[in-house]
Amino acid sequence: MKRRHLQSILCICGSIYLILAHLGCQTKQGPIESSTTPPQNIFLLSLDTLRADHLSCYGYPRQTSPCIDYLAKQAVQFHDAFSQDSSTAPSHMTLFTSLFPSSHGVSKQNCLNQAIPTMAVFLKARHYATLGFTGGGNLSTSFGFDRGFDTYVCQDILGTPGDTTYLDERVLPAIMEKQANHSPFFCFLHTYCIHDPYVPPPPFHNMFSHDIRNESIERIRAIEQFWDMDLLQQRRHFWNIIDTSDPEHINFLRALYDGEIRYTDSILQKIFRRCGQMNGKTGTLTIIVSDHGEEFLDHRGYFHANKLYDELVHVPFILHWPDRFTSGSIRSDRVGLIDILPTVLGIVGGRSPNHFQGRDLLGSAHHEIGTDRPIFMDNMRRSLLKAGLRTSRWKFIETLDKSNQELYDLLNDPAEMSNLVEDTTLSEVRQSLESQLHQQISQNLKCFKKQSPQAIGQYDQQTRQELKALGYID
Ligand SMILES: [Zn+2]
């Protein structure tokens, strides 16, 4: 019965956004110049597994992101950006399609329906050459991520710690060639560098370890042995030296995770220096995002997926476009990865098709409808298991078999520790959020039925190896 219920709800969908209540969030529109010329080039950088609250420009006390901070000062920075899923494949497909995970249905077993256009398809139709360089695995061609790309390579630009040969000799020259020819291009860069195992190269491996115990210094020496291993071996050996029940080890993990962020930031600086963003070169739109965050026992676990708490769904989102934004600004309206494709399409002069479930965040309609809306999120790692709604004040999460409901007061409990769902004084709040959540799920169900995904069957050998190395399959 439970399975049948899940299957029926799994067939999710919807194409129109909930038009939702205004709840008092302030929004500050970035300074906009008169130029409406589309960008010559578009960079979309996805830094897998990067939680927003570990970036300096999002308030983190460690200096993990000097390059991203520098860019953010000239960009529009969305402080309240959320992923629609805490798993890699569904989250990225939402970024690419402006459909909720339970609408496009891409998960471990399912590939995107051929009829659904992606960001690369839209931009190619507008005469951008399309380049994709990704870490593969959950972004492999098996799921349909290569659709619309002239070139789509599944090899992480930062595969081995400290080794940038592939980036220097293959990726950057390919981008430079496009720039030299003045050929407009869309380049999607994705890396698993911040994803576990956390083995940053020197000097990043001990950059944030000064306040941890001597035993951890020994463990840092141990990880130096892992640098030359392949990812599968790195992961196995790394977790062998970690005692996940020891609080001190959590500090150690965080220090290494932050080292990975700082290392990745240094690589971004290298890319941006070559491509012109650091010297204010105009004509290029650069978007920095992540697909989800990472947990360090915030809610009794590690890694990501299966949960919808903020450490896993609050992600960075920075829009850098010197031609249009003359100086930095902060946007505090709640937005999602689902909004990025409509926003990009608006920037290049296109109109969002009716099936999009996100909004053009720079378009007038966003501000007319209301910038303070609940953000919907769900969990599609294997099938639709749970869904959530986040407002400025509340987070409501429900498993789809109705076995569990959670309600958090984010104003007084930002860490989402006290489940208030049984609090009778909050019955109206719960009922309202529950009703809105079910309305969105119902819309998603219709969308899913209309354009249901295709079963993948078996992964090709490379994808299988990549997923295994990342710990997603056995
Ligand atoms: Zn991911």
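Two strands are said to pair if DSSP finds at least two bridges between them, and the strands themselves (E, at least two residues), like the helices (H or I, at least four residues), are DSSP runs numbered from the N terminus. This is a predicted model, in which local features need pLDDT of at least 70 and side-chain atom pairs count only at pLDDT 80 or more, while totals for chains, interfaces and linings use all residues. Residues are numbered from 1 along each chain as its sequence is written.

**The whole chain**

Begin with the protein chain in cartoon view, where there are 14 helices and 18 strands. A residue is called buried if 20 or more other C-beta atoms lie within 10 Å of its own, exposed if 12 or fewer do, and partly exposed in between, with C-beta atoms placed from the backbone; of the 474 residues of the chain, 49% count as buried. Two residues are in contact if their C-beta atoms, placed from the backbone, lie within 7 Å, and among contacts between residues at least 6 apart in sequence, 72% join residues at least 24 apart.

Strands of a sheet pair through backbone hydrogen bonds, either parallel or antiparallel. Now select the open sheet of eight strands, whose order is β6-β5-β7-β1-β8-β11-β2-β12 and whose pairing is mixed. Its edge strands are β6 (151-154) and β12 (329-331), each of which pairs on one side only. For angles, axes are lines fitted to C-alpha atoms, for helices over the stretch in contact, and the values run from 0 to 180 degrees between N-to-C directions; neighbouring strands of this sheet are turned by 10° against each other on average, direction ignored.

Next, select β1 (residues 41-47) together with β8 (residues 284-289), which run parallel and are joined by six bridges. Asn 41 stands opposite Thr 284 in β8. On the other pairing to show here, β8 is joined by four bridges to β11 (residues 317-320), and these two run antiparallel, with Ile 318 in β11 as the bridge partner of Ile 288. Are the faces of β8 covered or open? Both are covered, with Thr 284, Thr 286 and Ile 288 buried on one side and Leu 285, Ile 287 and Val 289 buried on the other.

A nonpolar core is a set of buried Ala, Val, Leu, Ile, Met, Phe, Trp, Tyr and Cys residues joined through C-beta atoms within 7 Å. The largest one has 113 residues, and those with the most contacts inside it include Ile 42, Phe 186 and Ile 287. Helix α9 gives the most to this core, with ten residues. If you select Ile 42 and leave aside its neighbours within four places in sequence, you will find it in contact with Leu 123, Tyr 128, Phe 186, Leu 285 and Val 344.

Then select α9 (residues 247-275), which has 29 residues and reaches 42 Å from its first C-alpha to its last, close to the 42 Å expected at 1.5 Å a residue, where the expected span is 1.5 Å times one less than the number of residues.

**A loop residue**

Select Asn 138, which is found in the loop between β5 (129-134) and β6. Why does Asn 138 count as buried? Asn 138 is buried because 28 other C-beta atoms lie within 10 Å. Asn 138 and Thr 88 are 50 residues apart in sequence, yet 6.2 Å apart in space, C-alpha to C-alpha.

**The four-stranded sheet**

Finally, select the open sheet of four strands in the order β14-β15-β16-β17, where the pairing is antiparallel. Its edge strands, each pairing on one side only, are β14 (375-379) and β17 (405-409). Five bridges join β15 (residues 386-390) to β16 (residues 394-399), and β16 and β17 also pair over five bridges. In β17, the bridge partner of Phe 396 is Leu 407. Between the strands of the β16 and β17 hairpin there are five residues, and Lys 402 takes a positive phi near 65°.
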